[in-house]
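Subject: Structure for you to look at

Hello,

Here is the structure I said I would pass on. Please open it first, then read my notes below.

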Amino acid sequence: MFTIVKNEMIAEDIYTLSLKNAPAGNAGQFFMLRVPGSADPFLGRPLSIFDYDEDRKIVSFLYQAKGPGTQLLASLMPGQKIELQGPYGNGFPMPDGSVTLIGGGIGIAPLHYLTKQLRRAKPTRHISVYLGFREEGYMVDSFKLYCDELHVDIGGQITANVGFSLGDTYFTCGPEPMMMAAAKAARKHRAKLYVSLESHMACGVGACLGCTCKTTQGANRRVCKDGPVFLAEEVYNV
Amino acid sequence: MSEKLLTTILGVELKNPVIAASGTFGFGREYSELIDVSRLGGISSKGLTLKGSLGNSGRRLLETPAGMLNSIGLENPGVDTFVRDEAPYMRELGPVVIANLGGHSEQDYVEGAKMLNHADIDILELNISCPNVKEGGMAFGLIPESAAKITKLVKENSRHPLLVKLSPNVTSIVEVALACEEAGANGISLVNTFLGMAIDVEKKEAVFENVYAGLSGPAIRPIALRMVHEVKKHVKIDVVGMGGIMNTIDALAFLMAGASAVQVGSATFANPETMLKIIDGLEEYCQLHNLNNISEICGII
C-alpha cells in the first residue's frame, strides 16, 4: 500500500497523482493502481509513469478521469492509501542520437518521463518535443526543463508539424489516428519510430490475454507484457 | 504451513484447497515472477485446444459493475506445445498441475485427451463451458446428454483423473452435473463465466465481435455459490467451486456450500497476491475455529 501525497485537477478532467515511497521504473513502463478493497470497479487501472523523484521516491501519474475507475481515483485525497502493482511493461529504449517526441492529449504522460530520462542519459543530445491538445494544453512547462525545442499545438494535427529524418529516433503516444499518422510519415522517411500503445487490460502482467494486439505479420502481442512500446512498423500497417 | 489445509480432490493431494483458475494464470510463468507460486494448491492451465488458437479479434475485455466481460476466445499454443514446453514447466513450479482442455468437436477432445496422456499432469479439466468460441466447448455443456457423451469419450481415452468444468448458462446445472458423474467424471468444477453482453450506444454496435461474452468477478458470486451448493447436494464426486472469490471469507463460503477446493480467477488480476492471502486466511480460520483440517467445514451448509 502506498500513500497519496498529491491528487489534483490541473485541467478539465486531467489530474496528477503522486505516491510516496514508491518503486522506480523506466519511462514507458506503467503501474496498476487500485483502490484497496474496491469491488466496483475491482480491477486496477494501468497508468504510465509521468515522473519519478529519486530523492524522495515519489512516483507521479498524469491521468484523465474518464470512466468509473479513473473517477474513483480522482476522488481520493492526500493521506489515503492505494494498491500499486508494478512497474510493468517493457518501457522505451534509450537510443544515442537526436530524438523527437510526439505526444497527443493524455498520451503525453509517458513521454514526460522519457524526455527526462533521455536528457539525463545524454545531456548533449538534441531533444525536440511536439505536444498536441484538443482544447487546452497542460504540463507543457515541465517538458521545457528537459528539451531543446518545444512545439505546442491546440486543435490541429501535431504530426503535420514534425519533420522526420533518417537517423533520428522518434517516439509517440496519443490517440490512435495521431500515432498512425506519425507511423505513416516515419515510414515515408524511413525514420525509426516507437509507439506506446493503450489497451483495455485486466492483469497488466501478460496472463489474461485481454490486451493483445496484432502485429503486421499477423502474430499476437500482449500490450502489457510485450509492450506497451513497439516499433511502429511492427504494429501499424500504414 | 501446517497440515490443516491438506486437501484431496479426485484422489490427488493438494497443499491447500486454493487453485488458480484456468485462463487467468497462463501456465504460471507470468505470476511466478511476482509471487511465490509454489505455495498454491494447484494451477489450472490456460484452456487448450488441439491445434492452438490466436483467439478472438476485436475488443476482448470490458469492466462491468463488480465484474468483467471477456471474449478472449481460448488463445493458446495448442496441446502439442503444452505437452512439450508448458506441462514440464508447470510441474517444476510445485502446485498440482491441471490441464484444461477445450475443443471444437468430439474428435478434437478425444485427440487432445490422448495427447495429454503423454503429459506429466495430475488432473485433466474438461472445458465444456467456454462461451467465447463458436461451436466451442459450451455447446457440449448445455444439455446433459451431450455433456455425458463427451465426458464418457474423454474418460475412456484419458489416463488422468477427470474434472468436468460446467457452464452456468443452463436450465438445470444439477442435471448436467449428474449426467457427467454417471458418465465417469471424477469431479465437477463450476462455474465457468456467465454469458453476458455489452453495447456501445454511441457506435450503435455490440462491444464484442462475438456479441456475447463471459462475465466473471464478484458480480457472479452469489449465483455461483448457489449452484455449487445445489450440485453438491446431488453428486457424490468432488466439487471444485469458483465464481468471483475475492478473499478468505468468499473461499470459506464456497467450501461450506460443498466445494472441496476452490479456484480463484479474476481476483488475481485485481491483486496478484489474492490467493496467497486466502491461503493464509484459511490457515488462520482453522486455528481460530479449532479445526484439524479445513475439510471439516466442507459441505456443512
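A:Arg119 is buried, with a relative accessible area of 14%. Buried means under 20% relative accessible area, exposed means over 50%, and partly exposed is in between (1.4 Å probe, protein chains only). A:Arg119 forms a salt bridge with A:Asp148, and the closest N and O atoms are 3.0 Å apart. A salt bridge here is a side-chain nitrogen of Lys or Arg within 4 Å of a carboxyl oxygen of Asp or Glu. A:Arg119 sits in helix H2 (residues 108-121) of chain A and A:Asp148 in the loop between H3 and strand E10 (149-154) of chain A, so the pair ties together parts that are 29 residues apart in sequence. Helices (H or I, at least four residues) and strands (E, at least two) are DSSP runs, numbered from the N terminus. A:Asp148 is partly exposed, at 42%.

This is a predicted model: local features need pLDDT of at least 70, side-chain atom pairs count only at pLDDT 80 or more, and totals for chains, interfaces and linings use all residues. Residues are numbered from 1 along each chain as its sequence is written, chains are lettered from A and ligands numbered from 1 in the order in which they are written, and side-chain values use heavy atoms, with hydrogens and water left out.

Other salt bridges come next. In chain B, the side chains of B:Arg91 and B:Asp120 meet in one, at 2.8 Å from N to O. B:Arg91 is in helix H2 (residues 79-93) of chain B and B:Asp120 in the loop between helix H3 (106-116) and strand E8 (123-127) of chain B, so this pair ties together parts that are 29 residues apart in sequence. B:Arg91 is partly exposed at 26% relative accessibility, and B:Asp120 is partly exposed at 41%.

Back in chain A, A:Arg56 and A:Asp53 form a salt bridge with 3.0 Å between N and O. A:Arg56 is exposed at 56% relative accessibility, while A:Asp53 is partly exposed at 23%. A network of salt bridges links A:Arg222, A:Asp226 and B:Glu30. Over all chains, the whole structure has 21 salt bridges.

Last, chain B as a whole. Chain B has ten helices and 16 strands. Its radius of gyration (taken over C-alpha atoms) is 18 Å, close to the 19 Å that the globule rule (2.2 Å times the number of residues to the power 0.38) gives for 301 residues, so chain B is as compact as a globular protein of that length. Of those 301 residues, 63% count as buried.

Regards
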